[in-house]
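Here is a short briefing on one protein model. The points are grouped by topic.

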Amino acid sequence: MLLEICANSYESAINAQIAGAHRIEICSELSVGGITPSVGLLEKISKEILIPVHVLIRPRSGNFCYSESEFEQMKTDILICKKLGFQGIVSGVLTKNHEIEIDIEKTKQLIDLSKPLKFTFHRAFDLTVNPKKAVQILQNLGVDRILTSGTKEKASDGIDLLIELKKITQNKLIILPASGINKDNVTLFKNAGFEEIHTSASKIIPTEKNIFFDKTTQTVSDIETIKKILKLINNV
């Protein structure tokens, strides 16, 4: 089983590499679900991280329906990632319809632009009204994997749908379980036959609170936590 660490900073990425993680998804601002990292962070990661890195392309927090200017920004960011030599893109677009679905045209553009990099459709998937239909659409579009919690807050609660989605794909793409995966439940996904899992494996960074800025908790991916998860999935 492959372990992907969702790293929210340079320190998190370095910790993931030191601990022995197999791959990193790099992003910023995990407290809002992640957004595209700065160019400065991407340049530093591209020079110093030796394991495969996939980059989240999401221009802002909130929904996954983007204006034309936001969509152009996403495409520019993908080109930067290709130039810097990353191995994958994590992104996707949803429709503005009453029933939320995959925006096929825009997602296809992102997939095509990302080639030859791997393409993961991110957890916007969990907002679709018909995930079984959505997984078939994404399979036809040629995505390499889907990051999903099985439409639940925690992947452990969505395990039944995750298993069903895996069966639907017939291993033509990878279902990548995410959200709330830790040392206490990781064997659930290993025993269910999933090839990969995704977690931040993070700990809280103690900080002093102040009255001027938000009180969002700061976290960092933790070396020892990652090692414990790796030990469990490797049966060491």
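What covers the buried residues of α4? The cover includes α3 (68-84), β4 (88-91), β5 (118-121) and α5 (131-141), where contact means heavy atoms within 4.5 Å. This is a predicted model: local features need pLDDT of at least 70, side-chain atom pairs count only at pLDDT 80 or more, and totals for chains, interfaces and linings use all residues. Residues are numbered from 1 along each chain as its sequence is written, and side-chain values use heavy atoms, with hydrogens and water left out.

**Helix α4**

- Helix α4 spans residues 104-114, and its buried residues are K106, T107, L110, I111 and S114.
- These residues cover an arc of only 140° around the axis, so they lie on the same side of α4. The arc is that of the directions from the helix axis to the C-beta atoms.
- Buried means under 20% relative accessible area, exposed over 50%, and partly exposed in between (1.4 Å probe, protein chains only).
- Helices (H or I, at least four residues) and strands (E, at least two) are DSSP runs, numbered from the N terminus.

**Nonpolar core**

- The largest nonpolar core has 61 residues, and I24, I26 and I226 touch the most other members. Helix α5 gives the most to this core, with 5 residues.
- Such a core is a set of buried Ala, Val, Leu, Ile, Met, Phe, Trp, Tyr and Cys residues joined through side-chain atoms within 4.5 Å.
- Leaving out residues up to four places away in sequence, I24 has contacts that include I5, A13, I49, I51 and V53.

**S221**

- S221 belongs to strand β10 (residues 219-221). S221 counts as buried because its relative accessibility is 1%.
- Its side chain reaches the backbone oxygen of S200 at 2.8 Å.
- Beyond four places in sequence, S221 touches several residues, among them S200, A201, S202 and I226.

**Charges over rings**

- K44 lies over the face of Y10, at 4.5 Å from the ring centre.
- The charged end of K106 sits over the ring of F71, 5.5 Å from its centre.
- The criterion is NZ of Lys or CZ of Arg within 6 Å of the ring centre and within 35 degrees of the ring normal.

**Backbone geometry**

- Most residues other than glycine have a negative phi, and most peptide bonds are trans.
- A cis peptide bond joins K115 and P116, with omega about 10°. P116 is in the loop between α4 and β5.
- N171 is not a glycine, yet has a positive phi of about 60°. N171 sits in the loop between α6 (159-169) and β7 (174-177).
- S179, also not a glycine, has a positive phi of about 95°. S179 is in the loop between β7 and α7 (186-191).

Terms used:
Polar contact = N/O pair within 3.5 Å; in protein donor to acceptor, adjacent residues only side chain to side chain.
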